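Dear colleague,

I am handing over a structure that you have not worked with before, and below it you will find an account of what was found in it. Please read the account with the structure open beside you.

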Amino acid sequence: MSILDVHNVSICYMTGDFKEIGLKEYVMRRLRGNYQVNEFWADQDITFSLEKGDMLGIIGTNGAGKSTLLKAVSGIMEPTRGWVKREGTIAALLELASGFDGDLTVRENTYLRGAMLGYTRKFMDDMYEQIISFAELTEFQDRPFKQLSSGMKSRLAFAIASLVKPDILILDEVLSVGDGAFRKKSETKMKEIIQSGATTILVSHSLEQVRKLCSKVLWLHKGQQMDFGSDVQTICDHYESFLRKK
């Protein structure tokens, strides 16, 4: 039984000159039929399904529609056409370093982020040392968050977010944070989550990660679905050949 079904999902962005011209001019142009509206289809007719325990790797160059698709899958955005059916709880790690307060300390931000994710104070008290240790920020926990490097901020966000135990977990480039040693540690953590039975979606520019971690792969290019299936190695090989030809 599928835990996630994506059926003919298409997402269109409408662009125009309303912000530049103001309300009065907008009304006048609409009345005169002189208002320009442009359509940009970020994704078109994307279809796939996942079962419990699957790990899907989504690959494609910049502008392929990967992040937009994740927003529709996670429920942040409604598709223009098509539908998404989800079973169980879902957690999406789309922008790791967002949602922090630069003037608060690392310790304060840890509790703040935990509260935003729905964790209780007691849970955060019990897990705090583990989070800081995993993020390798023991020496920085009382410093203002804004003094951290972008890599440190992402490490902390990942350490907090990886505590969740959802039915569906969505990861957008989160395994690329930190140095090589931390990436290896984050991959190990993700394997633990997957082995616990979570269905996982990973967007990654690292084909090595996709080959190593994923049981299925979805290849997108300029909003189009190029391929989808469980033959991860073959699809990744075709994608690599495509990149070389470009």
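Helix α3 (residues 106–116) and helix α5 (residues 150–161) have axes that come within 10 Å of each other and cross at roughly 40°. Please keep in mind throughout that this is a predicted model. Since angles under 35 degrees count as roughly parallel and those from 65 to 115 as roughly perpendicular, α3 and α5 are therefore described as oblique to each other. The crossing of α3 and α5 is right-handed, and the contact is made by V106, T110, R113 and G114 on the side of α3 and by L156, A157 and I160 on the side of α5. Sorted by class, the residues in this contact of α3 with α5 are four nonpolar, two polar and one charged.

Helix α3 also packs against helix α4 (residues 121–134), in this case at an angle of about 130° and with the axes 10 Å apart, which makes α3 oblique to α4. The crossing of α3 and α4 is right-handed. From α3, the residues V106, R107, T110, Y111 and G114 take part, and they meet R121, M124, D125, Y128, I131 and I132 of α4. By class, the contact of α3 with α4 has six nonpolar, two polar and three charged residues.

The remaining pairing to describe here is that of α4 with α5, which pack at an angle of about 140° with their axes 8 Å apart. As angles over 145 degrees would count as roughly antiparallel, α4 and α5 are therefore oblique to each other. The crossing of α4 and α5 is right-handed, and in it I131, I132 and F134 of α4 meet L156, F158, A159 and I160 of α5. By class, this contact of α4 with α5 has seven nonpolar residues, with no polar and no charged ones.

**Buried places around these helices**

T105 lies in the loop between β5 (90–93) and α3, and T105 is buried, with a relative accessible area of 18%. Leaving aside residues up to four places away in sequence, T105 touches Q141, D142, R143, P144 and F145.

L163, for its part, is placed in the loop between α5 and β6 (168–172), and L163 is buried too, with a relative accessible area of 13%. With residues up to four places away in sequence again left out, L163 touches Y119, F123, M127, Q130 and I131. For a sense of distance across the model, L163 and K24 are 139 residues apart in sequence and, from C-alpha to C-alpha, 50 Å apart in space.

A further helix to look at is α2 (residues 66–74), in which seven of the nine residues are buried, so that α2 is largely enclosed by the rest of the structure. The buried residues of α2 are K66, T68, L69, L70, A72, V73 and S74. After α2 comes G75, whose phi is positive, near 95°.

N8, in strand β1 (residues 2–16), has a phi near 50°, a positive value in a residue other than glycine; at 34% relative accessibility, N8 counts as partly exposed. D45, which is found in strand β2 (residues 37–51), has a phi near 55°, again a positive value in a residue other than glycine, and at 41% relative accessibility D45 counts as partly exposed.

**The chain as a whole**

To set these places in context, the protein chain holds eight helices and nine strands, and its C-alpha trace spans about 65 × 50 × 35 Å along the principal axes. Of the 246 residues of the chain, 46% count as buried. The chain exposes about 12,900 Å², of which carbon and sulfur atoms supply 49%.

With kind regards

How values were computed. Residues numbered from 1 in each chain as written. Predicted model: local features only at pLDDT ≥ 70, side-chain atom pairs only at ≥ 80, totals over all residues. Heavy atoms only, no water. Axes fitted to C-alpha atoms, helices over the stretch in contact; angles between N-to-C directions. Helix = DSSP H or I, 4+ residues; strand = E, 2+ residues; numbered from the N terminus. Left-handed = near helix turned anticlockwise from the far one by under 90°. Contact = heavy atoms within 4.5 Å. Nonpolar A, V, L, I, M, F, W, Y, C, P; charged D, E, K, R; others polar. Buried < 20%, exposed > 50% of the residue type's maximum accessible area, 1.4 Å probe, protein only. Areas by Shrake-Rupley, 256 points an atom, 1.4 Å probe, with all protein chains shown as cover.
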